[in-house]
Amino acid sequence: QVQLVESGGGLVQPGGSLTLSCAASGFTFNTYWMYWIRQAPGKEIEWVSSINPAGSVTYYGDFVKGRFTVSRDNTKNALYLQMNSLNTDDTAVYYCGKPRDYTTAPVNQNGLAQRRIRDAWGQGTQVTVSS
């Protein structure tokens with residue numbers, strides 16, 4: 001079955017950087033859109049970024065544009081999220097997601113509850129931004 005394993009989270013000071021990785025298996029990775037979502041304490045799920053199968057098209061939530069970069073390596077079945085200029089508002093558990101079948105990834109904050117049920121999400125990696 002589909003497996004998504006996030007890694008790379010940790011504790012970082014404001015202004016610092018982290019790169020998250022998502023190792024994917026159990027499906028034809030290079031035919032699927034992929035995406036990142038996050039959930040901060042006391043807040044709702046937030047969509048972070050999406051990338052098309054070839055890695056040539058990307059979308060970002062407004063709160064991370066200019067700071068985060070999503071990428072993928074289809075030869076390694078890996079998804080990445082490079083995070084720069086981190087602030088305390090970025091503290092959250094970050095998840096990678098695979099759309100159900102060949103549907104597109106999120107491009108806004110709508111429908112995330114349904115995607116949590118229908119799509120495949122990893123178990124998440126904790127990112128804590130604190131001084």
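1. Cys96 is buried, at a relative accessible area of 0%; buried here means under 20% relative accessible area, exposed over 50%, and partly exposed in between, with a 1.4 Å probe and protein chains only. Cys22 is buried too, at 1%.

2. Before going on, a caveat: this is a predicted model, where local features need pLDDT of at least 70 and side-chain atom pairs count only at pLDDT 80 or more, while totals for chains, interfaces and linings use all residues. Residues are numbered from 1 along each chain as its sequence is written, and side-chain values use heavy atoms, with hydrogens and water left out.

3. On to the disulfide (a pair of cysteine sulfur atoms within 2.5 Å): the structure has one. Cys22 and Cys96 form a disulfide, S to S 2.0 Å. The pair links distant parts of the chain, 74 residues apart, with Cys22 in β3 (residues 18–25) and Cys96 in β9 (residues 92–98). The torsion about the S-S bond of Cys22 and Cys96 is about 50°, so this disulfide is right-handed.

4. Now the sheet. Four strands make an open sheet in the order β1-β3-β8-β7, paired antiparallel. Strands are DSSP runs of E, at least two residues, numbered from the N terminus, and two of them pair if DSSP finds at least two bridges between them. β1 (3–7) and β7 (68–73) sit at the edges with a single partner strand each, so one side of each has no neighbour in the sheet.

5. Ser71 has Tyr80 in β8 as its bridge partner.
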